[in-house]
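Let us walk through this structure together. Start with its salt bridges, then turn to its surface.

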Amino acid sequence: MKLKKLLYRPEVILFVLLFLINIQFKWRREEWRNWVLSTDGRGYYAYLTAGFIYQDFTYSSNANAIEEQLGYEMSHHYILTTEDGKQFNKTFPGVAICMAPLFFIAYFLSFLLGYPLNGYSDLFLLSIQFSAILAAIGGFWFIKKLLILKNIEIRTSIITAFLGLFGTNIYFYATDLPSMGHIYSFLTISAFLYYSYKSIHVLNNRSTYLATFFLCLIFLIRPTNIIVLLLLPFLAGNKATLIHWMKEFLTKPLMIGVVFSIGLLMIGLLPFLWYIQTGSPLIWSYTGEGFYWTHPVPHKVLFSFRNGAFIYSPLALISLLGLIFTWKKNKFAALSGGIYFILNLYIISAWWTYYYGGGFGHRAMSEHFVFNIILLGILLNEFPKILNIASGYLLLPFAFLSVFQGYQMNKGILPYDYINWEIYSHLFLKSSNEYVGECGGVHDIHQFGEVIHTDYKRPQSFEYEKEIFFDENREFGADLEYILPDNDPQTNFFLEFLYTKKREDDTPFNEVYLVTEGLNELNEQVEYRTYFLYDIRSEADHEYKSLKLEIQLKKEHIHHYKFYIWNKAGRKFKIKDLEYRIHWIKP
């Protein structure tokens with residue numbers, strides 16, 4: 001009976017569901033190892049390997065180790081260099097702290113079993129995957145317990161927590177992108193809110209210390225997320241309770257001392273790490289990136305088909321109805337919750353790349369869906385008992401849609417980086433293999449800074465309205481050579497390639513590229529990239545369509561670029577109105 005009771009626990013059911021999704025998303029693929037540590041995740045994890053295995057905070061050793069273990073070269077963009085040549089990790093160490101328990105277990109088991117102790121063998125990669133799954137389960141547990149503390153019926157709390165995980169993109173970052181920080185922010189924000197609620201309403205010392213611990217961990221994962229402090233009035237419920245709690249805290253010198261000590265020890269880790277890497281305890285680690293404080297784009301963060309939070313997690317939008325019910329009963333709580341939502345949205349939408357890179361849905365908003373899940377619980381709890389359970393089931397299609405679209409992205413049907421309405425509608429609910437890789441193109445946002453100059457160039461010997469016909473007899477064309485100016489080393493370069501295209505046959509339009517080839521002063525190749533010359537393979541079928549590619553150009557060791565179209569597969573198409581726009585960006 002005890003075993004049966006354990007198996008029916010919601011946390012066990014959640015583990016099984018995430019495990020099954022993980023099998024589908026990851027372990028069925030032969031190259032699953034290549035997808036565990038992705039993009040920024042390599043930087044987060046590097047603190048563990050650099051500190052405890054290689055004792056090398058230049059990160060060269062772990063960069064070599066992962067490439068040797070996985071057998072291919074990869075980007076290590078998290079490793080930056082100061083002006084005096086010192087290498088440092090631009091990411092923050094909080095994720096590494098969360099991964100550490102299973103990392104050490106993996107190290108111990110690898111030692112016992114004779115596996116490589118390089119930090120990147122299968123046991124270590126599995127430790128990363130299961131760390132993310134356990135973080136999701138931990139966040140689920142804290143949300144469930146917090147909802148129950150707020151007098152929301154137990155069954156409603158459980159249904160709400162399940163809907164919150166699978167009706168938004170949270171589950172995706174526990175399965176498909178386990179090394180990213182978002183699932184750990186979800187865990188720590190959930191834990192902070194739970195212990196803060198207990199600290200405020202129960203005046204419990206232990207809860208206060210744990211709330212402090214998780215707040216510091218929130219900061220060490222993503223410093224801007226400490227804006228969750230604005231939810232303390234929401235948790236208190238009224239001004240009198242909040243003031244009473246603050247007064248009680250200020251009358252306890254021992255508690256103040258312990259809280260201060262926890263904060264000093266944990267937050268002090270960050271300047272310590274910066275110091276041993278760069279010699280300076282205070283740096284802006286995201287060099288070349290920043291905020292456009294006067295030009296936020298909240299509408300894009302919420303409603304753009306390029307990772308819009310409410311587009312890919314519509315349940316989060318529905319949950320905001322909970323604020324209306326909160327307002328009717330408690331204007332103080334509703335107002336403080338609304339202020340938090342608006343200010344957090346402002347900060348997120350002011351970041352230079354509002355969509356925060358590739359991923360499913362809006363990555364930076366995902367961890368803040370904890371607030372939306374609480375609102376969803378309040379909303380469902382407003383209905384009579386039978387109706388609130390029925391309403392929970394009526395919301396299940398949103399969870400199914402979220403999981404299905406995550407599957408589409410994992411399979412390569414939904415593009416990882418760029419989606420617009422045309423692409424979204426074209427691929428909606430598509431699952432067959434014929435749609436894998438259906439969309440291509442590249443649509444970078446220009447580097448952080450201001451456009452100070454633009455060169456408008458056209459291919460040599462090209463008339464603007466004149467058509468260029470490509471077929472099996474024409475492999476290359478539309479070439480342009482562009483010399484990068486060297487008058488300001490801080491200036492970055494961004495390419496817009498505008499063109500109008502018409503397909504002349506019904507053959508799938510693939511293996512046609514724009515090539516960007518960077519060369520040094522000796523005309524030796526330094527950089528070589530190819531980009532699909534389409535957004536959707538079936539577009540421009542016997543009719544002209546205007547399109548463009550947007551590309552951040554690298555400049556290190558590059559004297560000049562060669563741009564040209566490569567018709568590798570010999571497709572038949574016409575192209576005209578070509579223009580290369582090279583923008584100069586000053587940080």
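Which residue forms a salt bridge with Arg222? Glu367 does, with the closest N and O atoms 3.3 Å apart. A salt bridge here is a side-chain nitrogen of Lys or Arg within 4 Å of a carboxyl oxygen of Asp or Glu. The pair links distant parts of the chain, 145 residues apart. Glu367 sits in the loop between α20 (363-366) and α21 (369-381). Arg222 is in the loop between α10 (205-221) and α11 (232-236). Glu367 is buried, at 0% relative accessibility. Buried means under 20% relative accessible area, exposed over 50%, partly exposed in between (1.4 Å probe, protein chains only).

The model is predicted: local features need pLDDT of at least 70, side-chain atom pairs count only at pLDDT 80 or more, and totals for chains, interfaces and linings use all residues. Residues are numbered from 1 along each chain as its sequence is written, and side-chain values use heavy atoms, without hydrogens and water.

By the salt-bridge rule the count is 19. Another one joins Lys329 and Glu382, at 3.0 Å from N to O. Lys329 lies in helix α18 (residues 321-329) and Glu382 in the loop between α21 and α22 (385-394), so the pair ties together parts 53 residues apart in sequence. Helices (H or I, at least four residues) and strands (E, at least two) are DSSP runs, numbered from the N terminus. Lys329 is exposed, at 64% relative accessible area. Glu382 is partly exposed, at 28%.

Glu438 forms a salt bridge with Arg537, the closest N and O atoms being 3.4 Å apart. Both Glu438 and Arg537 are buried.
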